[in-house]
Amino acid sequence: MAHWTAERQGAAPAEPERVGGAGWTAAWLTGAVTLSAEGALALVVFFLAGLREEHYVAAGIPAYVGYLLAAVVAAAVLGLAGLIGSAAAVLPVVRLSRWSARRIGRAETIGWCLTACGAVATAAAVCTGVPIGLLGGSWTVLPLVLLAAFVGLVPAVLCTRAVTVLRRTGARFGLAGAVLVGGLTLSALVLVGGLAAYGTGLLQKYEPPRLTAAQLLGTWTDGQGGTLTLRADGTAAADDLDVHTAQAARGGDAPEQCSGSGTWARSDAPPRTPQLDLSVSGCLEGVGWQFGGTAAQPTLYYWIGDPDSLNQYALHRGSPVP
């Protein structure tokens with residue numbers, strides 16, 4: 001009888017060594033740094049992809065200081081989000097994987113851990129996507145949430161699980177540090193590689209359309225009743241265009257309305273940037289109109305106050321003028 005019991009115990013699936021308080025602290029930190037690294041990589045990819053879209057990047061010492069502060073704030077937010085996400089999602093999935101494997105008497109493997117990630121991601125997708133779909137939203141939210149949750153969970157859960165099967169506490173915290181360094185290195189490599197791809201022309205970054213004088217002819221509208229008509233003879237007619245000032249924008253005051261006639265011309269302002277020179281008597285004098293949008297859907301705009309504020313008044317293509 002004793003021999004039979006020993007055989008049964010020997011055949012039982014091996015379980016990971018029990019993790020103490022310090023071990024779970026290391027696991028929590030590992031999940032946090034993994035999630036933070038994932039967030040940093042996502043921000044880098046988002047930034048690189050945004051270079052293909054219409055954007056404005058401020059220059060100068062104040063702007064660079066602002067970018068540095070934004071980077072510091074982003075790092076702090078990513079760190080805090082990682083700590084919360086590790087405690088709320090990653091550690092529970094790791095525990096669920098170990099508990100469920102133990103309940104059915106099998107070894108808790110990486111494959112089983114991935115199954116637990118899939119189950120949690122599916123539950124998150126159903127709880128998010130079904131209510132949105134029933135309320136009239138798009139059902140595409142369901143697979144998107146499923147994919148995002150699964151892709152976000154898997155690296156963090158696997159790294160955290162690796163910590164729980166290590167024997168020494170120092171090795172566990174060392175793995176957390178290695179994950180942090182590896183994640184930051186990967187983000188830096190992707191950033192440098194992406195910028196190099198844009199710099200060499202392998203990827204095409206956004207450039208404003210270089211509209212010719214013939215392409216500028218016609219009526220441009222702000223979508224709120226204001227129009228600007230440019231004619232082939234070089235004359236222009238403005239009707240109820242908004243005239244914004246930096247002081248009014250900061251104070252929340254409504255813009256003034258501008259109507260009148262004048263002249264226009266296409267010019268290449270330094271440093272050889274195409275823009276529209278418009279002079280309408282009584283208003284819109286000295287305003288530098290620039291080209292935006294795309295060649296298929298161009299816009300004319302001017303900055304409201306400092307360009308660093310990213311506030312602009314834009315006109316969109318309306319009807320052509322014969």
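Which charged end sits over the ring of Trp24? In this predicted model, the charged end of Arg95 takes that place, 4.0 Å from the ring centre, where a charge counts as sitting over a ring if NZ of Lys or CZ of Arg is within 6 Å of the ring centre and within 35 degrees of the ring normal.

Residues are numbered from 1 along each chain as its sequence is written, and side-chain values use heavy atoms, with hydrogens and water left out. Because the model is predicted, local features need pLDDT of at least 70 and side-chain atom pairs count only at pLDDT 80 or more, while totals for chains, interfaces and linings use all residues.

**Aromatic rings**

There are 4 aromatic pairs, counted when ring centres of Phe, Tyr or Trp (its six-membered ring) lie within 6.5 Å. In one of them, the rings of Trp289 and Tyr302 have centres 5.0 Å apart and planes at 85°, so this pair is edge-to-face (planes over 60 degrees apart; under 30 is stacked and the rest tilted). Since Trp289 belongs to strand S6 (residues 288–293) and Tyr302 to strand S7 (residues 298–303), the pair ties together parts that are 13 residues apart in sequence; strands are DSSP runs (E) of at least two residues, helices (H or I) of at least four, numbered from the N terminus. Ring pairs also link Tyr313 with Trp289 and Tyr302 into a cluster.

**Burial**

Buried means under 20% relative accessible area, exposed over 50%, and partly exposed in between (1.4 Å probe, protein chains only).

| Residue | Relative accessible area | State |
|---|---|---|
| Trp289 | 0% | buried |
| Tyr302 | 3% | buried |
| Ile61 | 62% | exposed |

The exposed residue Ile61 has its place in helix H3 (residues 61–103).
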